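Visitor: Could you show me the model and take me through its pockets, salt bridges and backbone details?

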Amino acid sequence: MGSGAQRMISLANPRAAVACGPSLRTLLAGIQPYLLLLPAIGFVFSITIYPIANLFYIAFHSTNYFEIGDWNGGGNFAPLFSASGAKSFLASATFVFASDVLTLSLALLLAVTMEAPLRGRGLLRTLIMVPWLVSQVVTALLWQALLDANFGPLTHFVQSVFGWTVAPLSDETGAMVAMILANVWRSYPFALVLILAAIQSIPSELYEAARIDGASRWAEFRCITLPMIARTIAVVLILLTFEYFTLVTLPFILTSGGPNEATYVLSLRIWREAFTDYHFGYSAATGVVVFLLNLALSIFYIRHFVLREASHVSR
């Protein structure tokens with residue numbers, strides 16, 4: 001039938017013409033799920049995509065207080081290649097790596113211990129979770145008081161027992177160690193909760209079969225527990241790395257970046273450049289570097305831990 005005949009049918013019977021093509025109701029039903037997603041997409045764009053895009057924009061433009069000027073290429077990244085910038089990179093790498101290793105090790109040890117049939121396990125779990133309830137400000141002030149060279153209980157104990165006069169917060173290495181220990185004490189309960197939940201989700205039949213085969217406790221932990229919680233550990237590692245790279249309150253109150261910029265981590269540098277010196281271009285450039293570092297580490301963790309473990313399980 002030709003197009004002329006179809007046109008004649010549509011003029012003679014409008015309902016048949018409507019039936020030939022999709023109705024308005026059908027079109028609306030097809031796009032309705034996407035319309036319902038628009039508020040969520042707008043919310044995510046406003047709090048995530050736009051700030052990141054604006055960060056990159058400011059990082060490559062000159063700034064004068066709150067005014068954004070002309071394009072200046074990579075001029076805002078120059079301070080990061082100075083001696084002070086190198087110290088910040090080293091301080092951040094040391095702080096993040098040591099905190100990750102110690103936090104995960106302590107959380108894994110405590111999770112295995114808490115899963116064992118111990119007397120008073122409920123009280124132990126409650127006490128272990130107390131540091132999670134303490135804010136970063138209180139944590140910093142608490143450890144500052146504990147390590148004070150004049151009246152700190154820990155320094156007084158070391159001096160009474162060993163006869164050493166120590167001032168950890170006045171020494172470059174001591175200040176970094178103190179900041180790492182305070183950070184681990186504050187954040188290990190978060191990792192503990194997730195790892196403990198992963199351990200409790202492991203089927204007990206696996207351990208029963210291993211015991212029947214004569215496996216030791218260490219063999220059970222190495223061949224059953226660790227492989228089964230590897231994905232959880234990778235997720236916890238990603239989350240902790242994100243947090244440690246962007247931590248400001250703890251280093252700001254505990255050490256203020258000193259002594260001699262030994263604890264002047266990149267996150268503290270971002271805050272100072274923006275809200276103390278009003279160098280928003282330098283601050284944005286440092287923020288871009290931290291963002292790219294977190295992105296690269298996340299991709300590395302996912303490819304080498306999560307995806308590799310998933311491929312092993314599928315085999």
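Guide: The largest pocket has a volume of about 440 Å³. A pocket here is an open set of points on a 1 Å grid over the protein atoms alone, where a 1.4 Å probe fits, with protein on both sides within 12 Å along at least five of seven lines. The volume is the space filled by probe spheres set on those points, which are joined across faces, edges and corners. This is a predicted model, in which local features need pLDDT of at least 70 and side-chain atom pairs count only at pLDDT 80 or more, whereas totals for chains, interfaces and linings use all residues. Residues are numbered from 1 along each chain as its sequence is written, and side-chain values use heavy atoms, with hydrogens and water left out.

Visitor: Which residues are closest to the centre of the largest pocket?

Guide: Glu115, Tyr207, Arg211, Arg217 and Glu220 are the closest, out of 14 lining residues. A lining residue has an atom within 4 Å of a point.

Visitor: And which helix gives the most to that lining?

Guide: Helix α10 does, with 4 residues. At least two residues each come from α4 (83-115), α8 (172-200), α9 (204-212) and α10 (217-228). Helices (H or I, at least four residues) and strands (E, at least two) are DSSP runs, numbered from the N terminus.

Visitor: How many charged residues are in the lining of the largest pocket?

Guide: There are 4 charged residues, beside 7 nonpolar and 3 polar ones. In this scheme Asp, Glu, Lys and Arg count as charged, Ala, Val, Leu, Ile, Met, Phe, Trp, Tyr, Cys and Pro as nonpolar, and the others, Gly among them, as polar.

Visitor: What about the second largest pocket, and which residues lie nearest its centre?

Guide: The second largest pocket holds about 370 Å³ of space. Leu55, Thr246, Ile270, Gly287 and Phe291 lie nearest its centre, among 14 lining residues. Two or more residues of this lining come from each of α3 (24-59), α13 (266-275) and α14 (280-314), and α14 gives the most, with 8.

Visitor: Is Glu220 buried or exposed?

Guide: Glu220 is buried, with a relative accessible area of 5%, whereas Arg211 is partly exposed at 43%. Buried means under 20% relative accessible area, exposed over 50%, and partly exposed in between (1.4 Å probe, protein chains only).

Visitor: Which side chain meets Glu115 in a salt bridge?

Guide: Arg125 does, at 4.0 Å from N to O. Arg125 lies in helix α5 (residues 121-128) and Glu115 in α4, so the pair ties together parts that are 10 residues apart in sequence. Arg125 is partly exposed at 26%, and Glu115 is partly exposed at 32%.

Visitor: And what does Arg186 pair with?

Guide: The side chain of Arg186 meets that of Glu243 in a salt bridge (2.9 Å, N to O). Arg186 is in helix α8 and Glu243 in helix α11 (residues 230-245), so this pair ties together parts that are 57 residues apart in sequence. Arg186 is buried at 8% relative accessibility, while Glu243 is partly exposed at 26%.

Visitor: New topic: the backbone. Where is the cis peptide bond?

Guide: The cis bond runs from Gly258 to Pro259, with omega near -10°. Pro259 is found in the loop between α12 (249-254) and α13. Most residues other than glycine have a negative phi, and most peptide bonds are trans.
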